[in-house]
Amino acid sequence: MTREAQGPVPEAAVAAWFAQGSLLVLVGPPGSGKTTWAAQFPPTWRVCLDAYRGLLTDSEADQGANEEALAIRALVLEGRLRRGRTTVCDSTSIEPAARAGLLARARRHGRPAVAVLFDTPLTVCEARNDARERTVPVQVVRDMHANLPDVEQLLREGFDTVHHPQPAAPAPDEPAWARDSTDAL
Ligand SMILES: Nc1ncnc2c1ncn2[C@@H]1O[C@H](COP(=O)(O)OP(=O)(O)O)[C@@H](O)[C@H]1O
Ligand SMILES: [Mg+2]
């Protein structure tokens, strides 16, 4: 893909806290703000299981499409990591096995792996989840929140860096790569 097709690449912003070609693994329960945060990056960087379920079924919530959505994600991840394209993996990644698979994939291609931790308070996640059209069962949100790793655990698992976004994420209609300041990255 050409740079033009991909949109402006935030070279300076990237250098600020992760290397180009990195795999960014977002970690957080539903409603913790992952997708909102990911929206600051060019669309081609973002790999999202919900979106692939939606592509397959017209419903991002259709769990019956998980296997195929995972296969699509694997193909896209593989293609991007092989080419050294920075990639943002927008899924809960609460299960250690899910993170281990992503980490192994980055390592196979010699790419840095960065965890981005969304330890948003449970009350906030629940409230946001309630406000959604497509709500995840509240117990799922609670269980995932209870199983959220901390920074130390993510480093022990082998992530090169753990990023902890500030609560005030940039608005989705104000992408960081279109702004002068890169502070929000
Ligand atoms: N930093 C934030 N400040 C205020 N509202 C936010 C913030 N991040 C996310 N939201 C809101 O919370 C809801 C869930 O966010 P989302 O990014 O979809 O979470 P996730 O992808 O982790 O499920 C959305 O309605 C979004 O607008
Ligand atoms: Mg999301």
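In what order do the elements of the protein run from the N terminus on? They run α-α-β-α-β-α-α-β-α-β-α-α-α-β, and the protein has nine helices and five strands. Helices (H or I, at least four residues) and strands (E, at least two) are DSSP runs, numbered from the N terminus.

This is a predicted model, in which local features need pLDDT of at least 70 and side-chain atom pairs count only at pLDDT 80 or more, whereas totals for chains, interfaces and linings use all residues. Residues are numbered from 1 along each chain as its sequence is written, and chains are lettered from A and ligands numbered from 1 in the order in which they are written.

**The whole chain**

A residue is buried if 20 or more other C-beta atoms, placed from the backbone, lie within 10 Å of its own, exposed if 12 or fewer, and partly exposed in between.

**Two loops**

Select aspartate 58, in the loop between helix H4 (49-57) and helix H5 (66-83). Its phi is positive, about 70°, although the residue is not a glycine. Most residues other than glycine have a negative phi. Aspartate 58 counts as exposed, with 8 C-beta neighbours inside 10 Å.

Next, select serine 93, in the loop between strand S3 (87-90) and helix H6 (96-108). Serine 93 also has a positive phi, of about 45°. Is serine 93 buried or exposed? Serine 93 is buried, with 26 other C-beta atoms within 10 Å.

**Helices H7 and H8**

Now select residues 122-130 (H7) and 138-146 (H8), which pack at an angle of about 150° with their axes 10 Å apart. H7 is therefore roughly antiparallel to H8, a term for angles over 145 degrees. Axes are lines fitted to C-alpha atoms over the stretch in contact, and angles run from 0 to 180 degrees between N-to-C directions.

Show the side chains at the contact: H7 contributes Leu122, Cys125, Glu126 and Asn129, and H8 contributes Val138, Val141, Arg142 and His145. Two residues are in contact if their C-beta atoms, placed from the backbone, lie within 7 Å.

**The two faces of H8**

Finally, colour Val141, Met144 and His145, the buried residues of H8. They cover an arc of only 100° around the axis, which puts them on the same side of H8; the arc is that of the directions from the helix axis to the C-beta atoms. These buried residues pack against H7. The face turned away from the buried side carries the exposed residues Gln139, Asp143 and Ala146.

How values were computed: Angles under 35 degrees count as roughly parallel, over 145 as roughly antiparallel, 65 to 115 as roughly perpendicular and the rest as oblique.
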